[in-house]
Amino acid sequence: IAWDDLEAVLLRATSDDAFYYLQIARTWVGGGPPSLDGETPTNGFHPLWLWLCALAWKATGDPVRALHAALTLGAAFGAATTALTWAILRRLGAPAVAALLAAALYGLHPYFATEATNGLETSCAVFTIALLTWLFVRTQQGPGALPVRDGLTLGAAAGLMLLARTDSVFIWACMGTFLAA
């Protein structure tokens, strides 16, 4: 989907918001503020995805290639989330076949494939939630108190999750409450 011809990408995958991200990234890479028009700053974005779009824009310098690169990043996050789905379920004790089936259902479902390549922060946000979940499950299976290193790793993953999608603060609040108890 990420490298389909431009017409197909426009019709099947991307929304207009994906182009807002790419335009803000283009302006930012060009030395302007995060802005659609180059003059009026905006805060209508999730920072981690904008940074990744800016890297795609800087690496390619071309609007179509930047779009394809951003969609490829989204697909990579979708694939990584599929792997984390398997890892989380295995860590929780699910049989290998069940974990594989669940991961396959996630990774191969047309809805999730489309969401992973929609040009938005969706797959990046879902990946960071899955990463934090995997780390959380892993740390909860260890003996005794949470080691400092694991706490720092959880904190870094939570920070990435918040940068990927700011409203995931509610997920972190629930995990943080559980860890504090």
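Biologist: Is F112 buried, exposed or partly exposed?

Modeller: F112 is partly exposed, with a relative accessible area of 34%. Keep in mind that this is a predicted model.

Biologist: How is a pair of aromatic rings described?

Modeller: By two values: the distance of the centres and the angle of the planes. Here there are four aromatic pairs. One of them joins Y111 and F112. Their centres are 5.4 Å apart and their planes stand at 80 degrees, an edge-to-face pair. Y106, Y111 and F112 are linked by ring pairs into a cluster.

Biologist: Why is the pair of F136 and F178 edge-to-face?

Modeller: The planes of F136 and F178 meet at 70 degrees, and over 60 counts as edge-to-face. The ring centres lie 5.5 Å apart.

Biologist: Which parts does the pair of F136 and F178 tie together?

Modeller: F136 sits in helix α7 (residues 122-140), F178 in helix α9 (residues 169-180). The pair therefore ties together parts 42 residues apart in sequence. F136 is buried, at 14% relative accessible area. F178 is partly exposed, at 49%.

Biologist: Which residue lies over the face of W134?

Modeller: R138 does, at 5.1 Å from the ring centre.

Biologist: What is a disulfide, and how many does the structure hold?

Modeller: A disulfide is a covalent bond between the sulfur atoms of two cysteines. The structure holds zero. Take C53: the nearest cysteine sulfur belongs to C124, 9.3 Å away. A disulfide needs the sulfur atoms within 2.5 Å, so C53 is in none.

Biologist: Are C53 and C124 buried or exposed?

Modeller: C53 is buried, at 1% relative accessibility. C124 is buried too, with a relative accessible area of 0%.

Conventions
Residues numbered from 1 in each chain as written. Predicted model: local features only at pLDDT ≥ 70, side-chain atom pairs only at ≥ 80, totals over all residues. Heavy atoms only, no water. Phe/Tyr/Trp six-rings, centres within 6.5 Å; stacked < 30°, edge-to-face > 60°. Buried < 20%, exposed > 50% of the residue type's maximum accessible area, 1.4 Å probe, protein only. Helix = DSSP H or I, 4+ residues; strand = E, 2+ residues; numbered from the N terminus. Lys NZ or Arg CZ within 6 Å of the ring centre and 35° of its normal.
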